[in-house]
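Hello,

Here is the structure I promised to pass on to you. Please have a look at it first, and then read my notes below.

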Amino acid sequence: MTPKEILALCREKGVKAVDFRFMDFIGTWQHTTIPVHQLTEDTFNDGQGFDGSSIRGWQQINESDMLLVPDPSTAFLDPFTELPTLIMICNIQDPITREDYSRDPRNVARKASAYLQRTGLADTVYFGPEAEFFIFDDVRFDQNAHSGFFHLDSVEAEWNRGREEYPNLGYKIRHKEGYFPCPPTDKLMDIRNEMMQTMIDCGLNVECQHHEVATAGQSEIDLKFNEMVKMADQLMMYKYIVKNVAYKNNKSVTFMPKPLYGDNGSGMHCHVSLWKGGKPLFAGDGYAGLSQMALFAIGGLLKHAPAILAFSNPTTNSYKRLVPGYEAPVNLAYSQRNRSAACRIPMYSSSPKAKRVEFRCPDPSCNPYLAFSAILMAVLDGIENKIDPGTPLDKDIYDLPPEEAASVPKTPASLDAALDALEADHEFLLKGDVFTEDVVQQWIAYKRVKEVDAMRLRPHPYEFCLYYDV
């Protein structure tokens, strides 16, 4: 849509407010709102001022003035506000130079997409993320100098089989048995349908929705793949819709990767493919119907995976999911159909258009603009440098003999280790000025101080179970 068309849409739909959305450095949508009469065609060039020093990981206070520049192609009507409100996603610019801001995650993704085209290898990269999440009925947590706890609850959780519910009707989901049961065992059919329909009403192309493996409300709604920047925009819409539909129904959604001990965590498997001139480039006559380009792309993903994970699995909690035994892809290998490998080649369809690589490590706590960009840059590095992915591993890797399993490289075991990997291996991200050195170093510094050290310095409740009586 053009600015003129946006103004016409506001008149047609009776819009009273315009909400400017943007992605902060760490991965949370932020917003500010203006009355609709303040929106003019000039706004799309002049932008809206805001304080960049109040956004995590961004400007110093002496250089705080920044601009939000709305992208008219991202407009959609907010399905939750009482006052008719139009939402637009914004890019961030410096008000003096009018340059796009290096630490704006959406700018990084836009630069990655442009770099892909400049390489001549392809003109489009498609992403299809599968974001999982939990829907809880009650959430309580706190942490201070002398106490810390969390308490989660769900009406369908296994631990509530014996609870007085006046009446307790049973049909609780056992640990690791939540994949695809019908109602009344699946108690979230209606709320997921509401989420799905709200997404469709907002212009998202939904493929399916279902209950996921874990007890206590784990769910998934899948979107059809799209071009990288658009897909990152849509994933933020997805999270906004899911959280607000749940909130409206007196429930709470989390995209935290591992909220429950002893059950599956929430991943975000990412399907990736390159296209040129409307033709898929990952289909061929090689292993699992892949082209040589696709195999080199896998080589790049496996080589750079430890560094990628600093962006695609960016929380300390992420590495409580990435452990053996929960379908977690901790093994840096590739295979067709095999969910125990970091890179899987889906075999549902023989169509060349369906041929893609599924990178299974990421989780939905990530900033999608940065995570998708890092994945793309690793793919391109693999293709440009003809990185051999090695021999596929068509076995259940978790059941390999110890000596064979030891030869399979593993993902980092902690966020700290992933940050170390990123520090040692980020030249591939700097190509084409996609990621800049200040983005990489600020990311590492922020994560180490605000998250790694913050967790490392605090007693954990389970430490009292282990050590209080020493």
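Glu451 sits in helix H12, which covers residues 437-456. Please keep in mind here and below that this is a predicted model. With a relative accessibility of 18%, Glu451 counts as buried, because the cut-off for that class is under 20%. Not counting residues up to four places away in sequence, Glu451 touches Ile26, Pro314, Thr315, Thr316, Leu415 and Tyr446.

Glu212 lies in the loop between strand S10 (206-211) and strand S11 (218-223). Is Glu212 buried or exposed? Glu212 is buried, with a relative accessible area of 8%. Leaving aside neighbours within four places in sequence, the contacts of Glu212 are Glu132, Gly178, Tyr179, Gln218, Ser219 and Glu220.

Ser340 is the other one, and its place is in the loop between strand S16 (331-336) and strand S17 (341-345). Its relative accessibility is 5%, so Ser340 counts as buried. Once neighbours within four places in sequence are set aside, Ser340 is in contact with Pro329 and Asn331, and also with Lys395, Asp396, Ile397 and Tyr398.

Gly170 belongs to the loop between strand S9 (148-153) and helix H4 (189-201). At 26% relative accessibility, Gly170 counts as partly exposed. Gly170 and Glu82 are 88 residues apart in sequence, and from C-alpha to C-alpha they are 38 Å apart in space.

Next, the start of the chain. Helix H1 comprises residues 3-13, and within H1 the residues Ile6, Leu7, Leu9 and Cys10 are buried. Viewed down the axis of H1, these buried residues fall within an arc of 155 degrees, so they line one face of the helix. Which exposed residues does the face of H1 turned away from its buried side carry? That face has Lys4, Arg11 and Glu12. The cover over the buried residues of H1 includes helix H2 (43-46) and strand S6 (85-93). After H1 comes Gly14, with a positive phi near 65 degrees.

Now for the chain as a whole. The chain has 13 helices and 18 strands. A compact globule of 470 residues would have a radius of gyration near 23 Å, and the chain has 23 Å, which agrees. Along its principal axes, the C-alpha trace spans about 65 × 60 × 50 Å. Of the 470 residues, 53% count as buried.

Among contacts between residues at least 6 apart in sequence, 68% join residues at least 24 apart.

Best wishes

Note on methods. Residues numbered from 1 in each chain as written. Predicted model: local features only at pLDDT ≥ 70, side-chain atom pairs only at ≥ 80, totals over all residues. Heavy atoms only, no water. Helix = DSSP H or I, 4+ residues; strand = E, 2+ residues; numbered from the N terminus. Rg over C-alpha atoms; globule rule 2.2 N^0.38 Å. Buried < 20%, exposed > 50% of the residue type's maximum accessible area, 1.4 Å probe, protein only. Contact = heavy atoms within 4.5 Å. Arc of directions from axis to C-beta.
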